[in-house]
Structure formats: structure tokens, C-alpha cells
Amino acid sequence: MNFKENESAQKLRGGYYTPSDLADFIATWTCGHETREVLEPSCGDGQFLGSVAKAGFNAEGVITAFELDSAEAKKANERAAQVGVTAQIYDDDFLAWALEQLGEGGRRFDAIVGNPPFIRYQYLPENFQFRAEQIFRRLECKFTKHTNAWVPFILASVALLRPGGRLGMVVPAEVIHVTHAQSLRSFLGDECKRIVIIDPEELWFDGTLQGAVILLAEKKRSASEKGEGLGIVSVRNREFVHEDAEELFRRPRAINGKTVSGKWTRALLGADVLLMLDALDDNAAVHKFSDVADVDVGIVTGANKFFLVSSDVVARYGLDEFAHPMFGRSEHCPGVLYDERQHQHNAESGKPTNFLWFKGAGITSNKNVKKYIDLGEAQKLHTRFKCRIRSPWYTVPSVYSTEIGMLKRSHNSPRLILNKAGAFTTDTAYRIRSRKVAAEKLVCCFVTPLTSLSAELEGRHYGGGVLELVPSEIEKLMIPIPDDFEPDIETLDAEIRTRPTLDVLSSHGSKVLEAMGIGEGDRQRIVDAWWALRNRRHRVSTEPVVAELD
Ligand SMILES: C[S@@+](CC[C@H](N)C(=O)[O-])C[C@H]1O[C@@H](n2cnc3c(N)ncnc32)[C@H](O)[C@@H]1O
């Protein structure tokens, strides 16, 4: 976790400014000659004011702008004068003002442009937190403390748009998938006639890992107007800024229904793949993960360095009888099998492969245990939150192992691990129980491009491109389990350890899909779709898939 005091002032105010070519593009699409009233809710030094002026908005038009930082607001004022637009710039909190305007009789705008601040809710001062929450409440959107300043900024902006008005903003790429923005996605889906995301391959802002996209949205003219839904335009470089903005807005096929009401990742897929996924959803051999297995979080120790130790530490403190095998990192289990051999290998290479389980009355009568616990108390581990809420602090609760484990995070694609060693898993992994088929079959059927693709659609990723799945997302995964498929876990394990993921998903995965009658063309389409989303997450170009299906 990052602490507020370690963050730069620029990050704490969300002060990354929009490059002029992007601001010009947005202003051109958003503002036209008819546009009279424009809002820039967080204008920084006024980049968008210049762009709106260039876009040629109405000569009698006025820009209303907010900027919390007075020095930046002053620069914006100077810029407005330079470019010859009439602007009212307030060095004040936009959300406080927006709350006053939301009711009947409040101000409304023809166009709203900008790039709202990216500031975690927990980093906002208390009064700002309060106002952010009020925006959600007033608009009847579900609030969560996981939110970020940009979410209430967009919510309030959409609410302040006139019917038929246009909003164009640079927003974090996570708008597409992050769970805390679900109420914003639904609100946009309800309020807007058409929504288009321009999704670049590369990062637009130096000094931040946070990817950004352009959100273009046109508000419905009336509540009864039917929405067209959402479209995504993928772009490779900044050439698109020279294209006709209106044509770009009309270009993607917009999709509605499931896509707009959930994560928007589905809009990244072609119509043919979406149709195929919908058909597979109805296929009797394709299951929702929660229908075939249970997912539970791993063991929460509260002090991993103390409870998860190498064999050297076990020997040094004489704790053999309390040490149990455990795994929790991808380097602990590079394949799909965690067995005695893998465990020995990890132990010999000095990895923390032991979980120390101190349980039962009188445990501290063992001299070695007492000495080790004293050591933990000298480090004040018993005062840590997760330790102090249990009694005694050194007895970790909910200790059990399952036949299958799964790491929370993955680089390429998630996999299940058959836990033959009966090892424990910590909170970097999940404990999984198969309910319908043998554990080995579940593990093998998971390694398919279909499940990997659905993990890209359901999961989340942050800067750095690592895919993470929480239990509720794992429960939604699609897993094909054909009756006629005979698992061979030893071979699959060897393949995963030695071959690239793309090859394994194409070859082994195709055997599973073939066993349920999916033809070669469709199998290849699923592989391609997974590869494209995986590459988007890693921010690398999607080269044509080279591996041929076996
Ligand atoms: C990402 S920058 C964008 C600036 C400008 N819109 C641009 O695109 O270049 C966000 C700006 O929001 C300002 N800001 C942060 N919180 C604000 C608030 N509550 N009200 C108004 N402005 C705010 C920051 O100071 C920062 O200048």
C-alpha cells in the first residue's frame, strides 16, 4: 500500500496535463459553432481553453472553469485572455459547486471538456471526500470508498450536460474495467445516447503508469430516447488526432445490453467473437466457474515474514514439528502440479516454503516455540491489526488446504494448480474445491483460450499489466468441461513449464475445445481474441498469432 505522505504533490492534486494535440481533438469533437456554454471542471493551466478557442465555438460563448490550485487558475485566466475567449475561472472545488447546481434550475452546459484529477478517495481531504460521496448519493449511484476523484467528476459533469450535449475527456483507462467505476459505467449507459472510447496502445502521460483513454459521450435528448451503447476505437499512435473526429465517433459498432451494464472490456472484441461467446454461454459443456467449484481466499497470517519461512529458519529455531509445506508465488509453482518434488526443489533453493502453525493450549511450553514467539513480540508483530484481533496472536485461523490452489495474479493467464503435496496457500492465492469433476480434470480444462479470454474480460489490471482476479470474478469465468476429454496432467505440467503460454493455450486448449465440437476457425478466433486482450494489457502490439492450432 502507498501512503499519502510518500506521494508527490503533483500526484496528490492529480496534476498531469493534457498534451495539446489530444485537447484539440477533444475540443473539435465536443464544441461547434452552436456551442455557447462550455464547462472545464478542472482546468489546470488552461490547456483546454486554448483548444476550445481553436475549435471555433460560438463567438458569444462562455467557458466556465474550475481549478483548485490558485496559481494554475491564474495561468488559465491569462491563457483565456491570450486566446480571446470569455471565461469565468474559479479557484475552487468543482464538486462543491456541482452539488449546488445538480437540482432544478442549476446551470447546464452544451459541452464539457477536460481531464479530471486522478486522486484516490482515501487521499482526499475529509470535506472533499464528503462532497464526492454526496455526488454519488444525489445521482442515486452506488458509492464505494474505493472510488477515485475522477469518478464523481465525470458523474457530476454528465449530470450538468444539457440534453443532446457532448462530453469529451481524457480519463483513466481503468474506466473500462475497474469495479469501483461500475456505477459510473451504468450511469453513462443510462444517460448517454452513444459512448465511444479511444483506446491507445501506448501511454500518453510521462511519469505515470496509469494508462489513459479518451471518453466521448453524447447525452440523450430525452429520457425515453434509446441509447446506442458503447464502442471502442483502438489506436496505435497519435495519428488519429488528424482524422475527422465525428467520423471516428461514428466508426465503432456500438454494443448495448450486457456490455454497457457490466465491464466494458467486451466492447474490445469483434462482433463475431461476441456472438460466439454468447453461443458458448448456452453450450452445456461450458460452465460458470461457480457452478463447478468453490473459491475461498488463502490463509491470512498478518505477518508473512514471521509465519512463512525457509527451511533454514525452521532448522535454526528447531521448529520442524510445526512447519508445513506451503506455496504462494508463481516461482513456487511454474506448472500446474505442486507435488513433493516441486516442494523439495523450492526448499533446497531457499524459498519460504514452510508455514509455521502454532496451535493448541500449552504450545508455548515448547522452549523453541516460546523463543520464536518472543522474537515476534520483540518486533511488535502482536500489535499488528490482523494479529491483535485474534487470540492468541500467533495462532493463525482458518488453516486448511484444498486439492486445488490458484494464484491471485498472473502475467499471461491464470491457472489452477493441483496441490498433490497438500500444501497450504497464503493470501496471495485462493483455495479451490472442485464440486462436479475430479480436481485433475478441472485443472486441465482451465488451460484453454476460452477461460483465459474470460479472465481478461472479468479480471482487473493496473499499471504494469499484471492480471488480478478476485473471488467474485473467478466465479464468473467460463470453463469448458467436455465429457469426452481425458486429462493428462503430467504432460500438461511439462508443457506449461517449457513452452510459451500462447503455444500451450493453442495446442492443449484446442484439444479441450475440440472435444466439445468447436471447429478450428472458432478455436483460432478465441486464441486471437485472448492474445489481443493480453497484449493490450501488456501494452504491446498484437502481432498475428503465429502458433498454429494442433
Ligand atoms: C489531470 S489535471 C488536468 C488539467 C487540465 N484539465 C488538463 O487537461 O491539462 C487535473 C487538475 O484538477 C485540479 N483539481 C484537483 N482537484 C480539484 C477540485 N476538487 N476542483 C477543481 N480542480 C481540481 C488539479 O489541481 C489539476 O490541475
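Student: Which side chain makes a polar contact with the side chain of Thr 18?
Tutor: A polar contact is a pair of N or O atoms within 3.5 Å; within protein, one must be able to donate a hydrogen and the other to accept it, and residues adjacent in sequence count only if both atoms are side-chain atoms. Here the partner of Thr 18 is Asn 115, at 2.9 Å. Thr 18 belongs to the loop between α1 (9-12) and α2 (20-30); helices (H or I, at least four residues) and strands (E, at least two) are DSSP runs, numbered from the N terminus.

Student: Is Thr 18 buried or exposed?
Tutor: Buried means under 20% relative accessible area, exposed over 50%, partly exposed in between (1.4 Å probe, protein chains only). Thr 18 has 5% relative accessibility, so it counts as buried.

Student: What should I know about the model itself?
Tutor: It is a predicted model, in which local features need pLDDT of at least 70 and side-chain atom pairs count only at pLDDT 80 or more, while totals for chains, interfaces and linings use all residues. Residues are numbered from 1 along each chain as its sequence is written, and side-chain values use heavy atoms, leaving out hydrogens and water. As for pLDDT, the predictor's confidence in each residue from 0 to 100, the protein chain averages 92, and 93% of the residues score at least 70.

Student: What is the strand order in the open sheet of 4 strands?
Tutor: Two strands pair if DSSP finds at least two bridges between them. The order is β11-β14-β12-β18, with mixed pairing.

Student: How many aromatic pairs does a search of the whole structure find?
Tutor: Rings of Phe, Tyr and Trp (its six-membered ring) pair if their centres lie within 6.5 Å; planes under 30 degrees apart count as stacked, over 60 as edge-to-face and the rest as tilted. The search finds 24. One of them is Phe 355 with Phe 424, edge-to-face at 5.7 Å centre to centre and 80° between the planes. This pair links β14 to β18, 69 residues apart.

Student: What relative accessibility does Phe 355 have?
Tutor: Phe 355 is at 0% and counts as buried; Phe 424 is also buried, with 10%.
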